[in-house]
Amino acid sequence: MNTLSKLADGNLLGDNTDGAGLVRDLTVNAGFSLKGKRILLLGAGGAVRGALEPLLAEHPASVIIANRTVEKAELLAQLFADLGPVSASGFDWLQEPVDLIINATSASLTGDVPPIASSLIEPGKTVCYDMMYGKDPTSFCRWASEHGAAVAMDGLGMLAEQAAEAFFLWRGVRPDTAPVLAELRRQLAL
Ligand SMILES: NC(=O)c1ccc[n+]([C@@H]2O[C@H](COP(=O)([O-])OP(=O)(O)OC[C@H]3O[C@@H](n4cnc5c(N)ncnc54)[C@H](OP(=O)(O)O)[C@@H]3O)[C@@H](O)[C@H]2O)c1
């Protein structure tokens, strides 16, 4: 949960806007359709839990959750199985290329990259997305570019979009995120 809003009856509603922000950054800002795509989600923490429902609503061909602690990935796959084709994996079980790899682990915080095979990237085709962001390309984005990813995006757009989604829940107005994102990028570069 990352957003609280007050219902008409006075009760509080807990929501998660991270997944909506991620999907909007990918589909609207980057123009990448998720329909029919093979998606690999790295991690099985709160960010993945928030992303699963909005990702599955885009009708991907498959969503694989790979995590260091495989049991957590298995639990999430079970919880969301009725919403679409979702399965669980360890990092080193996967070799075949996918269309989209989303890094939702905290590995980039320490400059690490989850130990996945570079063969998961089809050069010039696979899109890589790191939920982490910073002044410089993250360790995952650098790894993705080195292995020929078509695009290596960080999660600054997701940050702006999840905040816009929260604002929409509170005020019924969706702010224009383009100038916000441009200003965030400008300030990060200082
Ligand atoms: N851009 C945005 O708006 C946005 C929004 C939300 C989150 N995020 C980012 O998303 C990331 C995950 O957030 P979260 O809330 O899901 O965190 P979380 O609940 O603490 O989960 C962390 C996940 O990372 C894995 N992990 C940690 N260190 C690792 C390493 N060195 N190698 C491989 N896996 C590792 C953990 O695996 P185990 O289960 O095995 O411990 C777990 O799956 C963070 O970097 C956060 O900043 C960005």
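The model is predicted. Helix 5 covers residues 156-171 and has 16 residues. From its first C-alpha to its last, helix 5 reaches 23 Å, close to the 22 Å expected at 1.5 Å a residue. After helix 5 comes Gly172, which has a positive phi, near 75°.

The buried residues of helix 5 are Gly157, Met158, Leu159, Ala160, Glu161, Gln162, Ala164, Glu165 and Ala166. The elements that cover these buried residues include strand 1 (3-6), helix 1 (18-29) and helix 6 (178-189).

The packing of helices is considered next. Two packed helices are described by the angle between their axes and the distance between the axes. For helix 1 and helix 5, the angle is about 120° and the axes are 7 Å apart. Helix 1 is therefore oblique to helix 5, and helix 1 passes helix 5 in a right-handed crossing. On the side of helix 1, the residues that meet helix 5 are Asp18, Ala20, Gly21, Leu22, Arg24, Asp25 and Asn29. Their counterparts in helix 5 are Gly157, Met158, Glu161, Gln162 and Glu165. By class, the residues of this contact divide into three nonpolar, four polar and five charged.

Apart from neighbours within four places in sequence, Asp25 is in contact with Ala30, Gly157, Met158 and Glu161. The C-alpha atoms of Asp25 and Met158 are separated by 5.6 Å, although these residues stand 133 residues apart along the chain.

Helix 5 also packs with helix 6. The axes of helix 5 and helix 6 come within 10 Å and cross at roughly 135°. This angle makes helix 5 oblique to helix 6, and the crossing is right-handed. Here Leu156, Gly157 and Ala160 of helix 5 meet Val180, Leu181, Leu184 and Arg185 of helix 6. The residues of the contact comprise five nonpolar, one polar and one charged.

Helix 1 has a further partner in helix 2. The two pack at an angle of about 60°, with axes 7 Å apart, and helix 1 and helix 2 are therefore oblique to each other. Their crossing is right-handed. Helix 1 contributes Asp18, Gly19, Ala20, Leu22 and Val23 to the contact, while helix 2 contributes Ala47, Gly50, Ala51, Leu52, Glu53, Pro54 and Leu55. These residues divide into eight nonpolar, two polar and two charged.

How exposed is Ala57? Ala57 is partly exposed, because 14 other C-beta atoms lie within 10 Å, a count between the cut-offs of 12 or fewer for exposed and 20 or more for buried. Ala57 and Gly157 are 100 residues apart along the chain, and their C-alpha atoms are separated by 20 Å.

Definitions and conventions: Residues numbered from 1 in each chain as written. Predicted model: local features only at pLDDT ≥ 70, side-chain atom pairs only at ≥ 80, totals over all residues. Helix = DSSP H or I, 4+ residues; strand = E, 2+ residues; numbered from the N terminus. Expected span 1.5 Å × (residues − 1). Contact = placed C-beta atoms within 7 Å. Axes fitted to C-alpha atoms, helices over the stretch in contact; angles between N-to-C directions. Parallel < 35°, antiparallel > 145°, perpendicular 65-115°, else oblique. Left-handed = near helix turned anticlockwise from the far one by under 90°. Nonpolar A, V, L, I, M, F, W, Y, C, P; charged D, E, K, R; others polar.
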